[in-house]
Amino acid sequence: MFVRNFFKGGAKVPHFKNTAEFETVKMDVPEKVIIPMLQHVGAPCEPCVKKGDTVRVGQVIGDSNEYISSPIHSSVSGTVTDVAPVLHAGGFYVTAVEIKTDGKQEIYEGIKPPVFSDSKEFVSAIRQSGLVGLGGAGFPAHVKLSPPPSKKIDTLIINAAECEPYITSDYREIIENSWNVVSGINIIMEVLGIDNVVIGIEDNKPEAIKEMVRVAATNSKIKVVKLKSRYPQGAEKMLIYATTGRKVPPGKLPANVGVIVMNVNSVSFISEYIKTGMPLIKKRVTVDGPSVKRPANVEALIGTPISEVFNFCGGFGIVPKKILMGGPMMGIAQFTLDTAVVKHTNALLAFDETKAVLPKEQDCIRCGRCVKACPMNLLPLYLNSNSIKENIEELNKYHVMDCIECGSCSYVCPAKINLVQSIRLGKTQVKQAAAKGGN
Amino acid sequence: MEKSFIVSSSPHIRDNANTRKIMLDVIIALLPASLAGVYFFGPRTLLVILVSVLACVLSEYASRKLMKRSNTISDLSAVVTGLLLALNLPPTAPLWMVVVGAVVAIVIIKQLFGGIGQNFINPAMGARVFLFMSYANHMTNWVIPGADAVSSATPLGILKAEEAAEAVLPTYKDLFLGNIGGCIGEVSAAALLLGGVYLVARKVIGPEIPLAYIGTLGLFTWIFGGPTFFSGDFLYHILSGGLMLGAIYMATDYATSPMTTKGRIIMGIGCGLLTGIIRLYTNYPEGVSFAILIMNVMVPLIDRYTVPKSFGGGKAVA
């Protein structure tokens, strides 16, 4: 075990791991669930049920023919009451299946532990499980687990860095289900023939490190790496560098440098799934923030409206002015409390007015803090100025597309400039120009 | 329970650094040098400093008001400019001249180009050179520290004018502590270094520019500054003139220094070379002001040619 923090830049963000010692509590089945047909990176699913259909727990209710996509299952038993567009957690509309629950939670008859004899069958079983990256990005797991044959994968990296403030979902998985984590890792190692496993955990979670070291002792090929607590340590590229010293080129996937990165919750899920065959229908969500009466780690069914999750945690004390799905650095602010918990929801935060209102933007003083903070080696201040000027050529020159939107630059800016927002706009300008056949 | 929520782009938290705190740190860092100036040159020095700061703040307030822009005096950047300008003036500077310098720095160099972060040269340095060109007699009226404040020459002036045989070069100790003739804030290398260490420790500035600047000048004057190669008195050059003040506080000005470590090293080396050339091969005994101003206008060019590769990237940029 050793400390490394080789990635350049980043920011010292506060930890706020208030819920670290709160054991996961299971939420009751809500009266209705709203299950959006897009809960992953890739193509949205087509619903395969219609209004009036009876569905049961684990039944496929949406799927897609696209490779980069992941099927969606019913998290409850009940009756489909609507198939209609809803506001997605990301701020746009997607089709969603609304199910009125019957409270019986009858399990779909097709649910049985998957059988597989080779990696191909394993990957196909993973696809059927609906697993996507549970760390927050939601990249389909079956795609991650089937790298192109030309790329030799030698290392599996387990992401348990959990560098976002507030969130303790990964931490709780290690404390509560460490054996599942190890068994999930063992399955992947065996099936894909991977010889090295590195589990990366930030040093602000000594209990998690201790627990992982204890259970990983059963397999000498699994190493636990203590990472310095520095945001964005859990960003894929930074984590790969900090644990293996390898750099993923811009626009390339981890497979290019021989690694697969999976969230600790994802590998733990694989172990459960292989045992039971139950697809991804629930999620541990950290509920916290100054407005939440009783912060908690909640196990919620996919599709549970976030209003119900907050109610389960005692509702709001101080009036909430901003609702976040995800952490404060990369999470998405919600328009309403009607959006639903999706596969990669790892936190729901409610901020009161003092935290919700961001300070006013001032003039850039060119202090260079954004440059120092950028883990991707970019010059955020110039991306900002060129995004304002819509200068596509300059945006490309300053590598706008390489930005991982971690938020470190905006966080440290003393003039409080919304650099990431501006850079996102710049990326959109570049994409639009490319679509028009310009630069 | 329908509520309206604030929706904004991530990140949703910010650290508590702000422009005002940074400027306050610079002011704190300049206190030792200011106090040293007052100690060595007497209470009138304090008046020069106060007039300079006040004139800068008023100029900022009035010019922003006239241009119908927001009031920015609370960010304290005008105070920093005023302080730096005063430290770059001789203790005998007439007060009307101090006010002229302040107006040039704030109105012409800073606000007319867009305010904080937009000035293309360091305001205090630009104003100093403006005054130097316009009122050379007042700007070179040096006194040595002490009760009588007798007129004298600066250490570099003595070094330059070798014929003035009766003038004796000060000792290293006097140079280091500040017991010499010169501008209010440039005489005490010790006080300036103290403030510099504070700024680096508080991460207000990086050490790249001061180190590259001082190192380059030391090397240059060591090689070329003596009767034969490698016999120059580099320590004398480093400790005298406005070098410490310039390298630590002026060349590191955010608006007029490069963004990347590489760019900052280039800036420091450029300043060091230019200062050395001016000091050794021109009629001016001092070179820091011109060197920094010349490098200031090169900053956009330096930034353009030092765009770093992205993490893991190999895409070269021209």
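Two strands are taken to pair if DSSP finds at least two bridges between them, and the strands themselves (E, at least two residues), like the helices (H or I, at least four), are DSSP runs numbered from the N terminus. In this predicted model, local features need pLDDT of at least 70 and side-chain atom pairs count only at pLDDT 80 or more, whereas totals for chains, interfaces and linings use all residues. Residues are numbered from 1 along each chain as its sequence is written, and chains are lettered from A and ligands numbered from 1 in the order in which they are written.

By that criterion, β4 of chain A and strand β6 (residues 60-63) of chain A pair in the antiparallel sense over two bridges, and A:P47 has A:G62 in β6(A) as its bridge partner. These strands belong to an open sheet of three, with the order β4-β6-β7 in chain A and antiparallel pairing. Its edges are formed by β4 (46-47) and β7 (72-73) of chain A, each of which pairs on one side only.

Elsewhere in chain A, strand β10 (residues 155-160) runs parallel to β13(A) and is joined to it by five bridges, with A:T155 standing opposite A:V259. Strand β13 (residues 259-263) of chain A is mostly covered, since five of its five residues are buried; a residue is called buried if 20 or more other C-beta atoms, placed from the backbone, lie within 10 Å of its own C-beta atom. In a regular strand the side chains alternate between the two faces of the sheet. In β13(A) both faces are covered, with A:V259, A:V261 and A:N263 buried on one side and A:I260 and A:M262 buried on the other.

Chain A is also divided by an automatic or database domain assignment into domain 1 (3-20 + 112-276) and domain 2 (369-435). The contact between them takes 12 residues from domain 1 of chain A and 11 residues from domain 2 of chain A, where contact requires that two C-beta atoms, placed from the backbone, lie within 7 Å. The C-alpha centres of these two domains of chain A lie 29 Å apart.

In chain B, helix α3 (residues 77-87) is mostly covered, with 11 of its 11 residues buried, among them B:S77, B:T81 and B:L87. The elements that cover the buried residues of α3(B) include α1 (19-41), α2 (44-66), α4 (95-110), α5 (123-134) and α12 (243-250) of chain B.

Finally, the contact between the two chains takes 50 residues from chain A and 32 residues from chain B.

Terms used: A residue is buried if 20 or more other C-beta atoms lie within 10 Å of its own, exposed if 12 or fewer, and partly exposed in between; C-beta atoms are placed from the backbone.
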